[in-house]
Amino acid sequence: MTLLPESPTSPPSALSQPAVEPGAVRAQNMLIGLIFLATALNYVDRQVLALLKPMLEAEFHWTDQQFAHLGSIFQLAAAASLLGVGWFVDRFGVRFAYGFAVAIWSLAGMAHALASTVQQFVIARAVLATAESVNTPAAMKTAAIYLPIQRRSIGIGIINTAPNIGAILTPLLIPPFAIAFGWKAAFIVTGGLGLVWLILWQWNTRKLTPIAGQTATTRGKVEWRAILSDRRSWTVVGAKALTDLVWWFVLFWTPDFFARQFGLSQGALGWPIAIIFTLAALGAVSSGALFPALLLRGLSVNAARKGAMLAFALIVLVMPLAMTASSPWIAALFIGLGLFAHQGFSTNIFGMATEIIPTRRIATVIALGAIGGNLTGTGIIEFAGWSLDHGLGYAPLFVVCGSAYLVALAFIHLMQPRLVPAED
């Protein structure tokens, strides 16, 4: 679920940056911490609605299809916004663009507390999605501009764990808070955290300057004709579209699954969700090791990359067993293993992209993949609402999730029978 950064043009000496002052190191550490916090809040704000579904459903008498529409509008707004986010960040600079985006999504999150109809919730979700789509491009560009290359990979690695941390903490904290203070207070507090972040961002970045050789406006020309006519581009986009839908389904619908399947109360929903995303976090941290291990065994890049994908695709096959689990903890384990493998498969998609896509096109191709993932995420969210309203339950959804990765691997192999490194 993470976009790779497009590194700005650097002078030949960029790999040997001079030693920096301790004050600069502290400023860089603070910058990493702020981006990490913003990325975590990004997932807190988008997850609150799903966790409060039982309360909101009881108050507004929504159907499952109406609830699905709320998720769909978020996905569609995010997908549409990604087309213009790069221009916005480049045009206004990361300091203003990032701060402005967090301010808007925080206010949009708080606006949910004022909504009293489905239409008003839809407007709030659309604004939230539009502003939140700025996060990853702005975060990656901030790292590229203000972090020296020796620290950039570590910084990005820390930032990339933030979505999982946000997804773990939110279900543990929000349901009990909502029970104690009401669902409106939950939206106001989570949105208000972003405004606190904004104050810290403005204060701590006021004296930041780009590292040597970097500028805030570096941007290459997008080769749309070459990108859209290249099978390699569609390989990445198709792989993301076929697999990201699982992430969005789990993020949006699993609280309802546990409430419906096991009768969990609003206050008890947090723990199984936390287990799921803890396993996802472990997958994000550890999944990159399988591919190089296969290379060390003498496999070719093609065989190692596809072999790693096959291993993770087979692990996901346990996910539908959640429907047969006797307890929510066992179901959480099966779903969590699915997300563990999702992170591994996704890591290998990104790795494949860096190998087969010319460097100058990588950021654009991965952004297109994110759009594809948002669109298929919309599809499965809507399908879930239809399936539940028509009495089919969650079984069709878990079948789709369990088979998605084998289908994606077959698609990759069909499009690229042999993965060949790109030559720029």
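Because the model is predicted, local features are considered at pLDDT of at least 70 and side-chain atom pairs at pLDDT 80 or more, while totals for chains, interfaces and linings use all residues. Residues are numbered from 1 along each chain as its sequence is written, and side-chain values use heavy atoms, with hydrogens and water left out.

The protein has 17 helices and zero strands, where helices (H or I, at least four residues) and strands (E, at least two) are DSSP runs numbered from the N terminus. Of its 424 residues, 53% count as buried, that is, under 20% relative accessible area with a 1.4 Å probe and protein chains only, whereas exposed means over 50% and partly exposed lies in between. Among contacts (heavy atoms within 4.5 Å) with a separation of 6 or more, 86% are between residues 24 or more positions apart.

Helix H8 (residues 162–181) and helix H12 (residues 270–286) have axes that come within 8 Å and cross at roughly 170°, the axes being lines fitted to C-alpha atoms over the stretch in contact, with angles from 0 to 180 degrees between N-to-C directions. H8 and H12 are therefore roughly antiparallel to each other, a label for angles over 145 degrees. On the H8 side the contact is made by Asn164, Ala167, Ile168, Pro171 and Leu172, and on the H12 side the residues include Trp271, Phe277 and Ala284. By class, this contact of H8 with H12 has eleven nonpolar, three polar and no charged residues; Ala, Val, Leu, Ile, Met, Phe, Trp, Tyr, Cys and Pro count as nonpolar, Asp, Glu, Lys and Arg as charged, and the others, Gly among them, as polar.

Helix H15 (residues 328–356) is mostly covered, with 22 of its 29 residues buried. Its end C-alpha atoms are 41 Å apart, which agrees with the 42 Å that its 29 residues should span at 1.5 Å a residue, the expected span being 1.5 Å times one less than the number of residues.

| Residue | Location | Relative accessibility |
|---|---|---|
| His61 | loop between H2 (53–60) and H3 (64–92) | 63% |
| Ile123 | helix H5 (residues 118–132) | 56% |

His61 has a phi near 60°, a positive value in a residue other than glycine. The C-alpha atom of Ile123 is separated by 9.3 Å from that of Leu70, 53 residues apart along the chain.

Terms used: Parallel < 35°, antiparallel > 145°, perpendicular 65-115°, else oblique.
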